[in-house]
Amino acid sequence: MTAAAEATPLSRASVVDALADALRSRILSGDLVPGASLREEALATAYDVSRHTLRAALRALAGEGLIRIVPNRGASVTQLVAADLIPLFELRAALELEACRLTLGRNDGTLPATVHDRLDELVRTCRSKGSDWSEIADAHAHFHGAVVAGAQSPRIEDAYARLATELNLFLVQLRPVWSRRRMIDHHRTLVTDLETTGDVIALRRHLEDGLEAVLESS
């Protein structure tokens, strides 16, 4: 699908913000796939904006890490490769496993109600025929965010929050190889294993499964 194919007219007061929002939504839903070229002429025509406005929106998205702009080559949707994915996994695992260990320790070996609530949200979203991948990605982020928040460690939460953009891009690349059913089962199994064993190795395996799926599809 081309970048211009699903464009819809914009009506918000700030056209730059509206355009950035529209493109961001398409990137995170997987409509604009990782590595897709963002051609200025086609996008400017599709959204009925000037090149100047489009470039401002693209710069905003580049600042978020969602796209990459290469001089004389233009912009494209960011695609994480092994050199990006492995260090991201290492940092995510370090933060999330320690947070999970603290969360279990503060709750007598169980996960707090907020984690179970977020799991229910993720299951509902995956089962909803009207949901798109960006909504599943949001529900997924809420679940893992609840695990981290349970640690009651503002420093860990802050460091984890800084990974949000890269984790969103990771979820976009996971989409083609990870079904909704698998998303549900994988997270239900994680919660059961964590509360049954109290061992965060279950979380490490959970994270490794996603990483391996994306690397194998690259």
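This is a predicted model: local features need pLDDT of at least 70, side-chain atom pairs count only at pLDDT 80 or more; totals for chains, interfaces and linings use all residues.
User: Where does D48 lie, and what is its phi?

Analyst: D48 is in the loop between α2 (40–47) and α3 (51–64). Its phi is near 55 degrees, a positive value in a residue other than glycine.

User: Is D48 buried or exposed?

Analyst: The cut-off for exposed is over 50% relative accessible area. D48 has 69%, so it counts as exposed.

User: What is the phi of Q152, and in which loop is Q152 placed?

Analyst: Phi of Q152 is near 60 degrees, again positive in a residue other than glycine. The loop in question runs between α6 (133–149) and α7 (154–161). With a relative accessible area of 57%, Q152 is exposed.

User: Which residues of the largest nonpolar core touch the most other members?

Analyst: That core has 68 residues, and those touching the most other members are L23, L38, L54, I67, F170, M183 and L194. Helix α4 (residues 82–106) supplies the largest share of the core, 10 residues.

User: What is L54 in contact with, leaving aside neighbours within four places in sequence?

Analyst: L54 then contacts L19, L23, E40, L43, A44 and V49.

User: How many aromatic pairs does a search of the whole structure find?

Analyst: In general, a pair of aromatic rings is described by the distance of the centres and the angle of the planes. Here the search of the whole structure gives zero such pairs.

User: What sits over the ring of W178?

Analyst: The charged end of R182 does, 3.6 Å from the centre of the W178 ring.

Notes
Residues are numbered from 1 along each chain as its sequence is written. Side-chain values use heavy atoms; hydrogens and water are left out. Helices (H or I, at least four residues) and strands (E, at least two) are DSSP runs, numbered from the N terminus. Buried means under 20% relative accessible area, exposed over 50%, partly exposed in between (1.4 Å probe, protein chains only). A nonpolar core is a set of buried Ala, Val, Leu, Ile, Met, Phe, Trp, Tyr and Cys residues joined through side-chain atoms within 4.5 Å. Contact means heavy atoms within 4.5 Å. Rings of Phe, Tyr and Trp (its six-membered ring) pair if their centres lie within 6.5 Å; planes under 30 degrees apart count as stacked, over 60 as edge-to-face and the rest as tilted. A charge sits over a ring if NZ of Lys or CZ of Arg is within 6 Å of the ring centre and within 35 degrees of the ring normal.
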